[in-house]
Amino acid sequence: MELILQVLALEPTSQLLGKEPIVPFAVLLIVILVVPILFERLRLPGLVGLVFSGVVLGPSGWNLFQTESAIINLLADIGLVYLMFVAGLEVDLEQFYRQKNRSLGFGSFSLIISLVMGSLLGQIFGFSWVTSILIGSLFVSYTLLAYPIINRLRVMKNEAVTITIGAKIFTDIGALLILTLCVASTNAGGFTLAKLLTLLGWLTIYSVVVLVGFDWIGKEFFRRSGGEEGNQFLFVLLTVFLAAVGAQLIGVEKIIGAFLAGLAVNEVLGEGPVKEKVVFVGSVLFIPIFFINLGLLIDLPAFTKNTTNLQLTLLFVFGLITSKLIAALLTKLLCRYNWQEMLTMWSLSLPQVGTTLAVTLVGYQIGLLSSEVLNSVVAVMLVTSTLGPLVTSRVAVGLASSATPEPAPTTQPEQKIEDTDTAFTIVVPIYNPQTQQYLIELATLLARQTKGRIVPLAIATAAAHMDAPQLEASLQRSERLLAKATAQSRVLGVAAEPLLRIDDAFAQGISRAAREQKASLIVMGWGKRTGLRARLFGNVIDNVLWASHCPVAVTRLVDSPKKIQRILVPIENLMAPTLQPVHFAQMLADSNQAQVTVLNVCERRTSSSKIAARRSHLALLVAKLALPNPPEIQIIAHENVAQAILQAARLYDLVVLPFIRNRTSPGGLAISDVTTQLASQLTCSIVMLGEPQRMQTVALPTGVPSTTSTQ
């Protein structure tokens, strides 16, 4: 103890931190945990808080961290590689192919106009042509930071949104190619045509090896690994760093290899749980450290004292906003979009986070970009990452009304369901005896209403030997649970068909059994996510939602479903409404003689005439379901949607919500949705309806519940 006191008394804090690598790492974890939460409560992006923390902790602030710290530089480099890998992983290739011509059009406009604008600004401030072109490349790409907003508003099918998402792959690749050429021009010996052709040749061969080879190897490995998610996770990490090393071997930056690796394993991972884990690890650890390190590099005193810095920043912000606006305007004229769609495209393409910051840091490290440019680009990132999502949340509401009509999903999927499903089947996984009774009661109410059947399902986890004592004990426990469930359903007047299954894991067993039974719905109890393993590798409900072929009703029942008399169904967006929860709620209500209320929250300043119009519009939408007992329609004017629903829910026994899985952006930032807030604060019973990954909106036959949610 005395030795510790002597060290603390004699050595400055910065020196102590430098000698104990575990100390700065602990400080980084505290910052990553606390700061984004504080900034998001201030309605600012969490990444802004991370960069600000770097400024405060670095040489411009308290000087606790040094820019030459080995551990921070290592973690920041990993974060940089991870950032570009996730950027490639998040590219929606399906969206790009669906509207590839128009996506290429908007991407070309954005690339050319932004490149010219940035290059001219570089020349105005006296930078060399190579530096000016690299500055122009910083304006080219963009980050879909507002993806969760358009996801929540359910305007993903709008063509303007689709081509903006698709164009991102073109702008990212363009920015990285320009970086490659600019870096090559600084190498010793000058930049000749022969060197250019040699570099492009090696880059082409390398790209084919990564995109084709890693894709084939990944598919083979995933097929042979038998669903072992831990090994699949490690394989994905290995591909990232192998691609980064390979890029450096041929003389290009490692971030290009990481981006190509993301594209290569994109199709292999799909939208499954392994992808979620890969993105999760980067988003909560390595990518935030990259942003903190970026803040360490900012020279705040020079930025505030030098007027050139301020002028450069203002012109950068103006040039970026203008170039993206012109690109969106030209696309509007070419594709005949309306002004609302044009503004949405513009706001979606504004945030400069992932590729922009990665290219900036590489340019700064090799000496092509000065500290003034670095400071200005970070300031541009802070402005655009705040402005872009804010504008999107205002202008994207109602885009679905201007989207290209898609008539197919209203007839063909319905016919398919009628042809393949002979009886409405509800699978009820049972594990917890305390919640089993309410789950069986809910399933029997729905089965009675749809004249269907229920399948209580118990999973016994497999062991290496089928005569293992642990497996025998698990089988006996499962048999007791199934016997109890069968007796409960018999008392409630519905025959149950119990099913006992031995499988490697609960989630896989539930998904496979539901598929084998041709289930129409899975009803599960709500298990709270706890522990590091649950956060890192998900819980059973997460994995079932990823893998299930049919809708999943995740329930938290505080009382018997037979006592439910009032059901609330919030509808957030009237332009692209999710009406299947209304259908589900009405089915449950009809089996219980309960009343359903459909609620929509509008802005507090909405006039009475507009409120009446919204009520009529919502009534027409609900009428399309042709329900025998139409629900009550209620419109509330309030400044906070979640708070309004929470206040209204005090009078109800059950709230039915669509389950919307948050999608982590390439910047490592996830924007919360209303459903998440409600699920954590409601005190009454909750049913959250989730859908399979590839499922689209369908019109279901009367009596068949489903859900629509963009995951």
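## Packing of α22 against α27

In this predicted model, helix α22 (residues 433–450) packs on helix α27 (residues 580–592) at an angle of about 90°, and their axes are 9 Å apart. Axes here are lines fitted to C-alpha atoms, for helices over the stretch in contact, with angles running from 0 to 180 degrees between N-to-C directions. The angle makes α22 roughly perpendicular to α27, a term that covers 65 to 115 degrees.

The contact (heavy atoms within 4.5 Å) involves L442, L445, L446, Q449 and T450 of α22, together with F584, M587, L588, D590, S591 and N592 of α27. By class, the residues of this contact comprise 6 nonpolar, 4 polar and 1 charged.

## Helix α4

Because 10 of its 12 residues are buried, α4 is largely enclosed by the rest of the structure, where buried means under 20% relative accessible area with a 1.4 Å probe, protein chains only. Among the buried residues of α4 are G46, L47, V48, G49 and L50.

## Cysteines

A search of the whole structure finds 0 disulfides, a disulfide being a pair of cysteine sulfur atoms within 2.5 Å. C550 counts as buried at 3% relative accessibility, and C684 is likewise buried, with a relative accessible area of 9%.

## Basis of the values

Residues are numbered from 1 along each chain as its sequence is written, and side-chain values use heavy atoms, leaving out hydrogens and water. Local features need pLDDT of at least 70 and side-chain atom pairs count only at pLDDT 80 or more, whereas totals for chains, interfaces and linings use all residues.

Note on methods. Buried means under 20% relative accessible area, exposed over 50%, partly exposed in between (1.4 Å probe, protein chains only). Helices (H or I, at least four residues) and strands (E, at least two) are DSSP runs, numbered from the N terminus. Angles under 35 degrees count as roughly parallel, over 145 as roughly antiparallel, 65 to 115 as roughly perpendicular and the rest as oblique. Ala, Val, Leu, Ile, Met, Phe, Trp, Tyr, Cys and Pro count as nonpolar, Asp, Glu, Lys and Arg as charged, and the others, Gly among them, as polar.
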